[in-house]
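Good morning, colleagues. Please look at the sequence and the structure on the screen, and I shall then take you through two parts of the fold.

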Amino acid sequence: MKFGPLDLPSLPALALPRLPLSAFRRRLVFHGVFLLLALAVVVLAVTLLAEEKQRSRDRYESGFRQRLSTLTAQLRHPTGQLALINAGAAPAAGPGRVPVVLPFSALDYSDPFKARQAVEMSGCAVHWPEDGGQLCVGVGNSAYAGGVVYLVADLVLPPALPRERGTLALDGVSHAVIRADTTQGSERWVAPLEAPADSPVAQDDGGLRGRLTGFAGEGRMLVKGSRPVRDFRGWLWQEASCAQPEQALPGCARRTLLSLRVPIEAWRRALFAKGQRTWPPADLDQTRLRLQWIGPAGETLFDSDRAGAVQPFSLQHLAATLSAGETLRIERLGPGEPQLVTALRGQDSPEAAAPWLTRLVLRLPSADTRTQVQASETVNTSSGRYQLRLSGELASVDRNLSATATRMSGFVGAMLAAIALAWLLIEVGLIRRIALLTQRAAALNYNMKDPQIERRLGDLDVSDMAGRDEMGILASTLAALLQRVKEGVRREHLRNEQEREMWHAVGHEIMSPLQSLMVLHGDPQDPSHRYVSRMQQAVRVLYGSASPSEAITSATVDIDALDLNAFLAHVAENAPYAGIADVRYIRAPDPVWVQADEHSLEDVVTHVLRNADRYRLAGTPVTLNLDTSDAAMARVGIHNQGPAIPPELRERIFEFGVTDGAATGAGEGRGQGLFVARTYLAKMGGTIAATHTGDGVRFDIRLPRTTVHPFP
C-alpha cells in the first residue's frame, strides 16, 4: 500500500454511531406529507362531492320550478289546451282519424283565413312531413254546433276540375269521399266540386274557389234524383301559383285548402232526443273519420289513412321534458274530488354508476334533508280548470351525481397513483441517498475527538455518490453551492424589486387613458337606435308579470297596411347591424301592401334570419324573395344553403321549448325564436312553414294582402 510523501499509516474506518430518533424526523415528515397529501386528495374529493351534492340539489330545485313554469306555459298555449281537453281520449287504433274536441265552440269553415288560423293556433292538425300536408278533424266544445264534425285539410294537389250542374257521373270530376264510423253505424258521403252560385269557379287572381256539395252514399255515379245533404257544407280554395315556384307548369301542384262541415246523423239524433244532452259524444274516441280526395282520372290524390302521419302535440310529449325521478300529475278540478287526467314520469338516466359511489353520495351530509320537492300550477281552459302537480325525488339527483362521480373517479385514482409514484421516485432516488450522506456525516462528527482530526476532516468518502445530479453536487461542493445560492438569492431579490417598480409604472400609464373612454349611441340616425327601440318593445312584451310563452301568446299586435317590398329591403340593408351578414334581396319595382304590424313582423323575420344564419354553409348568402302571384296572400321566402331539417321536426320546431341545442349565443337554443314567429304571424292572419329545397331549407311566410294603403 502506498502512503503519501510522508508515508503515514492509514487510519481505521470510521465507526458508525447509532443515530437518535431526531435524525429520522425529516424522513418521517416526508412520509407523513405524502400520506397527508393522499388523504387530502381523498378528503377534497369527498368534500367537493358533498358540496356538489348540495349545489346539485339547489340547481335541481331551481330548474324544477322553472320546468313546471315551462310545462304550464305549454299547456296554456292553445296547443296545450287542446291536449288537455282531449287528454282522456283513447289513442287512435286502426284506420281512420279520431276527432278531437277543439278549444272553441265552432269553426268558421267558410273563411279560408279564419279556418287556417284556427287550425294553426289550436295545433289540432295531423302532419305528413314528406309533402307538408296536414288535416284537422275536430268537433266544437259546444253542443249548439249541431252535431257536426269539421275537417280542414291543407294539401298540395293538382288543379281541381268542377262538376257541371246536373251531371251524375263523377268521372273527370274532382271530389271528396268522407266516411264516418260510429258505434251507431257508418255514414258515407261523396262531395264533388261545384262552382258556387254567386261566383265563378276561377277567381280574379287565377286561383280556384269552389263549393263541395255533399251527397249521401259513395261511388263514382250519383243517384238520379238524389238531393244534397242539407247540413253538409264544404269549400275548396286552390292558389294560382305552384307550390314549388321552380316548377311553374300549367298542371303543377298547388297549395289547396279543403274546409268541410259534415253532420253526423247519430250525434244529431242523440242531441235532439229527450233527456240530458251529452257533448262531446260519449263514443267520440270510438269514432273514425276518413277523408279522400279523388282526382278527375279517378286516382286517389290524398287519403287521411296513409302512413307517415305525425300526430299533434299531446300530453305524452311532456314526459320527455321531465328529469329522472320526476312525476307530473294533471288533475281536473271540479265540484267534487279532483279527477286524474294523466300521470307522467321522467325516464331514468341510462348512465351507470358505481354502487359504492352511490351509497357514498346518498350518505353524504346535506343541509337539505328533504326527500322530495313538490310544486303545483293551475291552468284554465274552455273545458275547465286543471291542476299540475310536479314532484321530484332528490335521491334521483344524488344518483345522477353518483354517475358523474363515477366518470370522475378515474381522475382521482390517477392523482393518487401519481402521488404514490412520486413518493417512490423520491424515496429511492433521493431520500435514501440523503440518509446515507447523513450517516457518513454523523460518523465524521462522531469521530471528531480522534487525535488525527486534521486528517479525519477529509475522510467523508462520497466517491460512490459523486455525479452530475443534485446529490453528487451537494456531496462534493456543498460550501460553494451555499455561497452561490446566497448570491443568487440576493440578485433575485434585486431583480424582483426592479420588475415591481416597472409594473407599477406601466400600470399607471395604462390606467390613465382608460378613464377617458366613453361611447354613446343616442343619435336617432345611428343604426343602433332602431334596435334599441326594438329592445324596448321586447322588454315591454317579455318582462311583464307573465312567463315568456304567456307574454308572447297574449301580446297584441297593431295590424296596419305595410309595404312588404320596402320592409324587406330595409331588413336586408340593416341585417349586418344585427350580426347577420350577406342577406340579399332584390327589390320589386312596385309596393306590395299587406296587413301586418311592422315591429312584430321584423321580429319574425329577424328570428328566421338568425336561424338561417346559424345553419348556413360558410360563405353562402341568405336570400329573401317576394312572391306576389297570389292576390290574396303574399309569400316571403327565406332560403339558406345548409343541412335539411329532419322531417319529424319540421312542424315541432315551431313549438315553445323545442330545440336541437345547437345554439351558440346567449339566450338562443331555447326553442323560442320560431315559436315567436309562428305566434305573431298567426295573430296577423299569416302562416309560416319550413320546406327542404334540395340544397338547403326555405321558410315560407304568408301574409294576407290588402288594397287599403295608409296614405293616398
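Let me begin with strand E13, residues 326–333, which is joined to E14 by six bridges, the two running antiparallel. Helices (H or I, at least four residues) and strands (E, at least two) are DSSP runs, numbered from the N terminus, and two strands pair if DSSP finds at least two bridges between them. This is a predicted model, in which local features need pLDDT of at least 70 and side-chain atom pairs count only at pLDDT 80 or more, while totals for chains, interfaces and linings use all residues. Residues are numbered from 1 along each chain as its sequence is written, and side-chain values use heavy atoms, with hydrogens and water left out.

Within this pairing, Leu328 has Leu344 of E14 as its bridge partner. Helix H1, residues 25–76, packs on the sheet and touches E13, E15 and strand E16 (384–393); contact means heavy atoms within 4.5 Å. The direction of H1 makes about 15° with that of E15. Here axes are lines fitted to C-alpha atoms, for helices over the stretch in contact, and angles run from 0 to 180 degrees between N-to-C directions.

The sheet itself is open, with four antiparallel-paired strands in the order E14-E13-E16-E15. E14 (339–345) and E15 (372–381) are at its edges with a single partner strand each, so one side of each lacks a neighbour in the sheet.

I turn now to strand E10, residues 254–263. Ten bridges connect E10 to the antiparallel strand E4, residues 148–157.
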